[in-house]
Amino acid sequence: MSENILEVTNLTKYFNSASGGIFNRKKGVVKAVDGVTIKVRRGETVGLVGESGCGKTTVGRTVIKLYEPTNGQIIFDDQDITNLKRREMKSIRSKMQMIFQDPFASLNPRHTVGTIIEASFTIHGVKPVGGTKKAVGELLERVGLNPEHLNRFPHEFSGGQRQRIGIARALALTPKLIVADEPVSALDVSIQAQVINLLDDLQKELGLSYLFVAHDLSVVQHISDRVLVMYLGKVMEEAKTSELFLSPRHPYTKALLSAVPIPDPQLERKRERILLQGDLPSPMNPPPGCVFHTRCWKVQDKCRVEVPQIIQIAPNHSLACHFPEPAK
Amino acid sequence: MTKFLEVNNLSVGFPTPDGLVKAANNVSYSVDLGETLAIVGESGSGKSVSNLAVMGLHNPINTQISGSAVLNLPTGPVDVITADTEVVRRLRGKVMSMIFQDPMSALHPYYSVGDQIAEAWSLYNEGSKKDGLKRAQQMLDLVGIPAADKRVNEFPHQFSGGMRQRVMIAMALVNNPSLLIADEPTTALDVTVQAQILSLLKDLQKEFNMAIILITHDLGVVAQVADRVSVMYGGQVVESATADQTFYKSIQPYTIGLLDSIPRVDITGSHRLRSIPGQPPSLINLPAGCAFAPRCSFASEVTDNKCRVVEPELVEKRADHFARCHISAEQLLDISASRAGK
């Protein structure tokens, strides 16, 4: 058994946009994910951060094969799942589950909570010991909901409670890996902490591995063992969480971290920010050379021409930059 | 001392078939020119609703509003709650402006951004359409949109989220208002863009000596820009103080709980977040006594179950530091210090 539950190598996912059609528009390719390599060890939480449009959600969805990868390899639990068909994926999916961002859109409003969670068992033909009803009740209890509420509908719950229902559904088939796509970003601050603590507890109890996709660096910092920073479909930097946050080496990571507000007014007043100019370039037409060079404050001629390869610079720390920041 | 805007005992209620939704309940706050007041709270705490009332943007037919919101103008004070709708309309966009969370739905998709800014300008200024567009271009330049001369003729969909928010700011400031209400202006934006917009707002405030009310749920943003903070919960202001007092010497259990429950990017290492148990209250059926009591970890320190029976008042507990709690400031600070030590 490999120590990694998930090994993604050189994953690419391109989307074709507007092919022909009545207006005969030019065919374009959106390079949403462009050569991403991720390893998730068993029992580990790997955070995937970046701004909107950087491809982090696409990575999550491709890993679980909701999207077919364009290129690359995905090995899950020692099995190559890159080219598995839909039918063949079914048995795999019971071991890898997803938690979605929007707890209002991800639960069927016409189904009771019981039916929603039960569906996992029915679809995969699993007969839990002691009956489905009992299993659903136990799942609800495990995520901190009243097991008697299984006959209620999603609209009777608050956002935080609905996210707990989504987590219960993901846990039903005792998965090994959970891909969590922005699981707390739709929740209020005080509720967010409850759900983060729940995810923490479940990991300890059940030995889960998480691929945690989020834009909120404070949350990712709190929950992850390792973090990958993405920009325009590529991984810019990858490191152990404490190292990445205390000593970021990639200019983009450094700018990103300096932009995150810290709830400490005196610290904020003396903090120096690296203000990035402009916006994310279009992934349909990414800049040549280093994709970050259009906004980088350290840009040099080499960056505009040559694509930096991701290289390991220290144990547990790699990055893609021609001119990295010195280590702290 | 009178401040530029003084909101006093403002209540906003929406009658529904299920009962009256008390969205804002005796809310008081004030902000002066050149000052930034942050109003912090979770969804449903009444922060937007009370400021929409200040702007006069509630539909009078299905809203019950009471209290006062006085603008101390050079020409004399005006209470925008009781004033004639026509008077308030003449203040809107001229003296007070608002920017919203979602810059896409706040801009009209069929008109160029220049036209939309020029329209706001022409309401209060004499001049041709050409003058208006010239002014629009100046404003776009001011808010940091590159190539403003070309972009003034472009449409909202041609702008990115951050650029659209800049357009909104340009439109709100085209008539040099004295009060800007920014309702979650950076919530829909990425952090790098958020940093740009916040620093832009700070610069513009210095330039125009504006009063800014920033409505947000993000305590990091508050720490970055606010001079004063009002924390709202269950439709009420529960604490009001300077930013430093709020963050370092809070004397209100909800604020303390909120500050404890957020992860910080600058503190690494795994510690458990201290979350606030339970859910925010229903605004139709507010709990008796203190609205926060059912979730409060300090309520057990008060005898006779007082928190569940008697509603605490917002009182000045220390110099310029107001809080709504039955526990004394000293006792609260002692308890939270001993808890932090554990």
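**Labels and the values behind them**

Q: Which residues of helix 4 of chain B are called buried?
A: In this predicted model, they are G132(B), R135(B), A136(B), Q137(B), M139(B) and L140(B). The label requires 20 or more other C-beta atoms within 10 Å of a residue's own.

Q: What covers the buried residues of helix 4 of chain B?
A: The cover includes helix 3 (113-122), helix 5 (148-151) and helix 6 (161-172) of chain B.

Q: How do you know that the span of helix 4 of chain B agrees with its 14 residues?
A: Helix 4 covers residues 129-142 of chain B. The expected span is 1.5 Å times one less than the number of residues. That gives 20 Å, and the end C-alpha atoms are 20 Å apart, so the two agree.

Q: Why is V95(B) called buried?
A: The cut-off is 20 or more other C-beta atoms within 10 Å. V95(B) has 20, so it counts as buried.

Q: Where is V95(B), and which residues is it in contact with beyond four places in sequence?
A: V95(B) lies in the loop between helix 2 (85-91) and strand 6 (96-99) of chain B. Its contacts beyond four places are L71(B), L73(B), P177(B), S178(B) and L179(B). V95(B) and L180(B) are 85 residues apart in sequence, yet their C-alpha atoms are 8.6 Å apart.

Q: Why is L275(A) called partly exposed?
A: Exposed means 12 or fewer neighbours, and buried means 20 or more. L275(A) has 13 C-beta neighbours inside 10 Å, so it counts as partly exposed.

Q: Where is L275(A), and which residues does it contact beyond four places in sequence?
A: L275(A) sits in the loop between helix 10 and helix 11 (301-305) of chain A. Beyond four places, it is in contact with A195(B), Q196(B) and S199(B).

Q: How many residues of chain A are in contact with chain B, and how many of chain B with chain A?
A: The contacts join 36 residues of chain A and 39 residues of chain B. On chain A, helix 6 (189-206) brings the largest share, 6 residues. By class, that side of chain A has 18 nonpolar, 12 polar and 6 charged residues.

Q: What confidence does the predictor give?
A: Chain B averages a pLDDT of 92, and 99% of its residues score at least 70. The model has ipTM 0.86 and pTM 0.89.

Technical notes: Residues numbered from 1 in each chain as written. Chains lettered and ligands numbered in written order. Predicted model: local features only at pLDDT ≥ 70, side-chain atom pairs only at ≥ 80, totals over all residues. Helix = DSSP H or I, 4+ residues; strand = E, 2+ residues; numbered from the N terminus. Contact = placed C-beta atoms within 7 Å. pLDDT = per-residue confidence, 0-100. Nonpolar A, V, L, I, M, F, W, Y, C, P; charged D, E, K, R; others polar.
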